[in-house]
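I open this notebook to record what I looked up in the structure.

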Amino acid sequence: MASLMQGRLPINQDVLLMQKGMLLRKVRSKSWKKLRYFRLQDDGMTVWHARQAGGNAKPSFSISDVETVREGHESELLRSLAEEFPLEQGFTIVFHGRRSNLDLVASSVEEAQIWMQGLHHLVDFVTSMDQKERLDQWLSDWFQRGDKNQDGRMCFPEVQRLLHLMNVEMDQEYALRLFQEADASQSGTLEGEEFVEFYKALTKRPEVQEVFENFSADGQKLTLLEFVDFLREEQNEGERASDLALELIDRYEPSESGKVRHVLSLDGFLSYLCSKDGDIFNPARLPIHQDMTQPLTHYYINSSHNTYLVGDQLCGQSSVEGYIRALKRGCRCVEVDIWDGPSGEPIVYHGHTLTSRIPFKDVVATVAQYAFQTSDYPVILSLENHCSWEQQQVTAQHLTEILGEQLLSTTLDGLLPTQLPSPEELRRKILVKGKKLQTLEEDLEEEEEEVLESELEGQQEAEPEPGAQFESEPLELSPRSKDKKKDKKSKPVMCPALSALVVYLKSVPFHSFAHSREHYRFYETSSFSETKAKSLIKEAGNEFVQHNAWQLSRVYPSGLRTDSSNYNPQELWNVGCQMVAMNVQTAGLEMDIYDGLFRQNGGCGYVLKPDFLRDALSSFHPERPISPFKAQTLLIQVISGQQLPKEDMTKERAIVDPLVRVEIFGVRPDTARQETSHVENNGFNPYWGQTLCFRVLVPDLALLRFVVEDYNWKTRNDFIGQYTLPWTCMQEGGPVPHTLADTPAPAVLLMLSSCLFPGYRHIHLLSKDGTSLHPASIFVHICTRGELEGDES
């Protein structure tokens with residue numbers, strides 16, 4: 001099977017030595033440190049481990065699972081063991097998603113370098129792989145699982161076992177016939193390309209072939225004109241269809257002769273439909289495309305709650321890894337709970353609990369290193385300050401010295417602003433959010449007075465003659481300024497040095513919306529528990545919308561969520577709350593919705609709110625949405641699924657019974673769910689062909705979640721995969737789809753007759769953890785129809 005990747009796999013000396021295998025010490029904690037024999041398999045894409053060389057090996061990880069490799073000194077755990085193991089011999093493998101890091105220690109610096117350099121080499125290769133190479137790697141992974149005796153070939157019993165692993169329920173005689181047809185060498189086994197041919201026979205897509213043949217005159221190829229017709233009629237590509245057809249043929253047609261003749265084969269057509277160009281998510285919405293010059297209040301901001309925790313709220317571990325993961329996934333607001341620590345050094349942990357503690361300066365150093373690796377837009381440090389006056393001074397010192405130029409410590413131009421600055425103006429800046437001794441106006445006034453004082457002192461030193469104007473009359477300060485100077489000498493609860501670092505984000509308590517309008521300024525921000533915020537939505541939804549148009553709000557999970565569970569952020573987004581803080585360490589429905597919203601706009605952590613949530617005089621009420629919103633009807637034909645995984649890959653005999661559920665999240669009247677029936681014993685290529693219909697009042701606030709589950713009539717269904725995206729990011733498509741024409745309901749046909757944005761799309765599924773389940777997908781046809789006023793059809 002290694003032959004699949006031969007000629008493309010970047011073999012070097014490090015990779016060859018990894019394939020020979022090496023003893024490495026696996027470190028889980030200060031007390032769990034065990035030697036294991038790690039070996040890169042011949043395919044160059046998977047690493048297995050055993051207790052010793054020649055021992056019973058099992059898969060450890062795939063190269064595609066690896067995000068990066070860090071040096072030993074970057075690991076908290078390895079640093080704590082520095083006296084036992086030299087840091088130069090250690091390294092950390094960091095995985096995508098929420099999978100725990102793997103800390104390893106080699107026997108020498110040279111061996112550590114072999115694995116670090118080799119892994120970097122392979123990860124770079126995997127990152128740059130094209131669609132075919134990714135499929136080859138996926139097949140290679142499956143071959144490794146199915147080849148039980150690891151002899152590089154598969155006999156028919158091994159293939160039968162693999163079919164069960166791959167969720168394929170197949171008649172034994174039919175499977176044997178496919179096996180024999182693929183066995184070109186007639187050796188009674190499948191190797192390399194023979195296995196690929198067997199896989200192709202398994203994965204024929206009759207539903208795609210039907211669409212292809214509807215536009216192909218000879219059923220063998222799509223001419224340029226035929227492909228243009230498809231793009232215009234089905235995918236709604238309009239005037240650009242002709243130019244786009246040429247681009248897509250060049251990009252996805254596998255044969256060089258086809259590219260020269262400007263024709264698309266069935267394989268090329270399928271490659272296009274499975275690519276990002278055939279994805280449900282509009283590629284134009286993926287990069288940064290929104291206006292980033294509006295005030296911060298006009299954006300949803302990706303925010304994390306108790307960022308230092310990687311577990312629960314009572315006994316969980318505190319770690320800088322929490323900040324690394326949050327910042328790398330696009331969080332722009334992270335929380336830091338600071339308490340007095342030993343030796344005069346502030347510490348970060350969840351106060352009055354058994355959670356572990358980390359030095360504040362380590363948190364600041366981590367933020368400085370990772371703040372702008374994913375996004376250039378500003379990071380907000382939400383400080384919960386519980387320190388004494390003295391340790392607040394140390395806190396301010398660490399922020400100033402470690403962050404340096406990254407820290408915003410005064411207004412951008414030194415003048416009093418009239419509104420909050422924009423993400424664009426604050427690029428690569430770190431802002432402190434917290435309590436403040438005085439107003440921004442008073443801060444700027446003091447700064448001006450200090451400048452005048454220093455200028456005056458300079459004049460007095462330069463002109464010391466008797467009778468000089470200011471010799472006996474120093475610059476007079478206002479009575480209020482004198483009072484402030486006296487106050488500072490009496491050591492207030494808050495340290496002035498830390499207070500001064502809070503510029504645009506002063507934390508203030510919330511009393512009422514009327515109180516905020518009368519007494520607060522635009523740079524002051526209030527925090528709400530989820531319970532309080534939801535109560536305000538019901539009591540005064542429109543006032544909350546107006547409030548969030550001019551002042552920032554932060555919402556945080558209830559203190560009762562000791563298990564670090566999450567709440568649904570959609571309700572808070574519906575009233576324009578910007579910083580809806582989540583326990584990002586906890587996967588699930590709520591984080592699927594959260595990640596779905598922030599997947600757009602380059603994943604930069606800032607998403608522009610709809611215009612009706614940016615207007616301080618808005619009449620919008622999420623509980624009673626009315627005109628000028630134009631309702632839309634969405635029809636989704638769920639056609640088929642491809643290579644759906646099992647939740648538990650160890651269950652060889654169990655085959656999934658998949659169903660698809662489509663969920664809409666938005667304003668309360670729009671929230672809905674519908675599902676298909678389940679298909680028995682087929683996770684490999686199930687076919688549904690069922691149409692689901694939704695009516696949505698406020699599309700600008702709606703998110704769609706596609707969930708695939710394994711039906712279980714006895715207990716709850718098992719999760720297989722999901723994908724969530726904003727309604728506004730759906731890729732548009734053309735008129736009535738051929739496969740929907742048989743839908744019997746007259747109402748459905750009526751709506752289809754005026755569809756605006758249909759199209760055939762693949763939805764590429766993600767795991768519970770948010771990582772890719774490639775090549776698992778579902779194939780759908782989507783059609784949306786706008787409604788005119790008074791249209792009730």
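Which residues line the largest cavity? I found G72, L78, L81, F85, P86, L87, Q89, G90 and V105 in its lining.

**Basis.** I note that the model is predicted, that local features need pLDDT of at least 70 and side-chain atom pairs pLDDT 80 or more, while totals for chains, interfaces and linings use all residues. Residues are numbered from 1 along each chain as its sequence is written, and side-chain values use heavy atoms, without hydrogens or water.

**Cavity.** I looked up cavities on a 1 Å grid over the protein atoms alone, where a cavity is a set of points at which a 1.4 Å probe fits but cannot get out, and lining residues have an atom within 4 Å of a point. The structure holds one cavity of 30 Å³ or more. The largest cavity contains about 40 Å³ of space, a volume being the space filled by probe spheres set on the points, which are joined across faces, edges and corners. I sorted its lining into six nonpolar, three polar and no charged residues. For this count Ala, Val, Leu, Ile, Met, Phe, Trp, Tyr, Cys and Pro are nonpolar, Asp, Glu, Lys and Arg are charged, and the others, including Gly, are polar.

**Sheet.** I traced an open, antiparallel sheet of seven strands in the order β4-β3-β2-β1-β7-β6-β5. Strands here are DSSP runs of E with at least two residues, helices are runs of H or I with at least four, and both are numbered from the N terminus; two strands pair if DSSP finds at least two bridges between them. β4 (58-62) and β5 (66-71) are at the edges with a single partner strand each, so one side of each has no neighbour in the sheet. On average, neighbouring strands of this sheet are turned by 35° against each other, direction ignored. I also checked β6 (residues 90-95) and β7 (residues 102-105), which pair in the antiparallel sense over four bridges. T92 has D103 in β7 as its bridge partner.

**Helix pairs.** How are α1 and α3 placed relative to each other? Helix α1 (residues 13-20) packs on helix α3 (residues 109-127) at an angle of about 110°, with the axes 8 Å apart. Axes are lines fitted to C-alpha atoms, for helices over the stretch in contact, and angles between N-to-C directions run from 0 to 180 degrees. α1 and α3 are therefore roughly perpendicular, a term for 65 to 115 degrees, whereas under 35 counts as roughly parallel, over 145 as roughly antiparallel and the rest as oblique. I then took α14 (residues 360-370) and α15 (residues 389-403), whose axes come within 10 Å and cross at roughly 30°. α14 and α15 are therefore roughly parallel to each other.

**Backbone.** I recorded a cis peptide bond between H774 and P775, with omega about 5°. P775 belongs to strand β29 (residues 772-786). Q186, a residue other than glycine, has a positive phi near 55°. I placed Q186 in the loop between α6 (172-182) and α7 (192-202). For context, most residues other than glycine have a negative phi, and most peptide bonds are trans.

Conventions: On a 1 Å grid over the protein atoms alone, a cavity is a set of points where a 1.4 Å probe fits but cannot get out, and a pocket is an open set with protein on both sides within 12 Å along at least five of seven lines; lining residues have an atom within 4 Å of a point.
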